[in-house]
Amino acid sequence: MKKVEAIIKPFKLDDVREALSEIGVTGMTATEVRGFGRQKGHTELYRGAEYVVDFLPKIKIEVVLPEDLAERAVEVIMNAARTGKIGDGKIFVSTVERVVRIRTGEEDLDAI
């Protein structure tokens, strides 16, 4: 099993969710996060004063998938989240050793 984590722009969440649903992904976790990368934040003007916004709002999506679906999910997320501008985000893929569904005790692929 693989865990796919994607950091995307907030307005792309619905596009990514719909694209993942189309390939058979049945569940995901989305969290509002803040961060920066090469983009390094930006400056804003508020009531005549300029200030720096270091941490930009992003959405972190997490899905755990069978290995055969993980690569397709990465492609789908890339296509749905891409704007072509700096700050589009990143995707991280890692191996998951074990999954347990708390309610039933099911494990691994049965628990996804």
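1. What share of the contacts in the protein chain with a separation of 6 or more comes from residues 24 or more positions apart? The share is 72%, where contact means heavy atoms within 4.5 Å.

2. The model is predicted: local features need pLDDT of at least 70, side-chain atom pairs count only at pLDDT 80 or more, and totals for chains, interfaces and linings use all residues. Residues are numbered from 1 along each chain as its sequence is written, and side-chain values use heavy atoms, with hydrogens and water left out.

3. Two helices and six strands make up the elements of the protein chain, in the order β-α-β-β-β-β-α-β from the N terminus. Helices (H or I, at least four residues) and strands (E, at least two) are DSSP runs, numbered from the N terminus.

4. The radius of gyration of the protein chain is 17 Å, well over the 13 Å from the globule rule for 112 residues, so the chain is more spread out than a compact globule. This radius is taken over C-alpha atoms, and the rule is 2.2 Å times the number of residues to the power 0.38. Along the principal axes, the C-alpha atoms fill a box of roughly 55 × 30 × 20 Å.

5. Buried residues (under 20% relative accessible area, 1.4 Å probe, protein chains only) are 29% of the 112 in the protein chain.

6. Helix 1 (residues 13-22) has V16, A19 and L20 buried. These residues cover an arc of only 100° around the axis, so they sit on the same side of helix 1; the arc is that of the directions from the helix axis to the C-beta atoms. The buried residues of helix 1 pack against strand 1 (2-8), strand 5 (56-65) and helix 2 (67-81).

How values were computed
Buried means under 20% relative accessible area, exposed over 50%, partly exposed in between (1.4 Å probe, protein chains only).
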